[in-house]
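Please read the following report alongside the sequence and the three-dimensional view, which are shown first.

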Amino acid sequence: ATAEISLELNFPEFLPSILGDQRSFRQIFLNLLSNAIKFTPAQGRIDISGSMLKDGAFELIVKDSGIGISEQDIEKVLQPFSQASSDLARSSEGTGLGLSISKSLVEHHDGTLQIESGPNLGTSIIIKIPGTRLVS
């Protein structure tokens, strides 16, 4: 079965390297991308972008046009073994650990993970890694 989801990547030509554990960042990226795919219906869209911020930090955004997360569920989905309370979330397989693990791994690298979402508005996961963790 194909999901028929368009994927758009938008990164500047030059990005610095991140001082951190490569396996951790691979896990973060896989968790965020698999969630975006899982909760975005056919004909949906996923945009992944990266940019350097004025304060020297690197920002990664994974944005989808999926089912979204209600405001009261945002904190809940960041807790281990929790999922949002929508019908699609309940019917989707998974342990409910992806966002919790990703948040912990990002924070272990001195960064932040933030969720912006709303029901039927899609979800944006914003990761910021401070300049102290970057090498040109």
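**Basis and overall make-up**

This is a predicted model, in which local features need pLDDT of at least 70 and side-chain atom pairs count only at pLDDT 80 or more, while totals for chains, interfaces and linings use all residues. Residues are numbered from 1 along each chain as its sequence is written, and side-chain values use heavy atoms, with hydrogens and water left out.

The mean pLDDT of the protein chain (pLDDT being the predictor's confidence in each residue, from 0 to 100) is 87, and 86% of the residues reach 70 or more. Over residues 86-92 the pLDDT is below 50, although this stretch has 13 contacts in the model beyond near neighbours in sequence; contact here means heavy atoms within 4.5 Å.

The secondary structure comes to 4 helices and 7 strands, where helices (H or I, at least four residues) and strands (E, at least two) are DSSP runs numbered from the N terminus. From the N terminus on, the elements follow one another as β-β-α-β-β-α-α-α-β-β-β. Of the 136 residues in the protein chain, 38% are buried, with buried meaning under 20% relative accessible area, exposed over 50%, and partly exposed in between (1.4 Å probe, protein chains only). Among the contacts with a separation of 6 or more, 61% are between residues 24 or more positions apart.

An open sheet of 5 strands has the order 1-3-4-6-5 and mixed pairing, two strands being counted as paired if DSSP finds at least two bridges between them. At its edges lie strand 1 (6-10) and strand 5 (112-117), each of which pairs on one side only. The twist averages 10° from one strand to the next, where axes are lines fitted to C-alpha atoms, for helices over the stretch in contact, and angles run from 0 to 180 degrees between N-to-C directions. In general, strands of a sheet pair through backbone hydrogen bonds, either parallel or antiparallel.

| Strands | Bridges | A facing pair |
|---|---|---|
| Strand 3 and strand 4 | 7 bridges | Ile-48 and Val-62 |
| Strand 4 and strand 6 | 7 bridges | Val-62 and Ile-125 |
| Strand 5 and strand 6 | 6 bridges | Ile-115 and Ile-125 |

Strand 6 is mostly covered, with 6 of its 7 residues buried.

Leaving aside neighbours within four places in sequence, Leu-113 is in contact with Leu-78, Ser-102, Lys-103, Val-106, Ile-125, Ile-126 and Ile-127.

**Loop residues**

Most residues other than glycine have a negative phi, and most peptide bonds are trans. Gln-43, in the loop between helix 1 and strand 3, has a positive phi near 75°, and this residue counts as exposed because its relative accessibility is 61%. Asp-110, in the loop between helix 4 and strand 5, likewise has a positive phi, near 70°. In the hairpin of strand 5 and strand 6, which has 5 residues between the strands, Asn-120 takes a positive phi near 60°.

Gln-79 lies in the loop between helix 2 (71-77) and helix 3 (87-91), and its relative accessibility of 40% makes Gln-79 partly exposed. The C-alpha atoms of Gln-79 and Gly-98, which are 19 residues apart along the chain, are separated by 9.6 Å.
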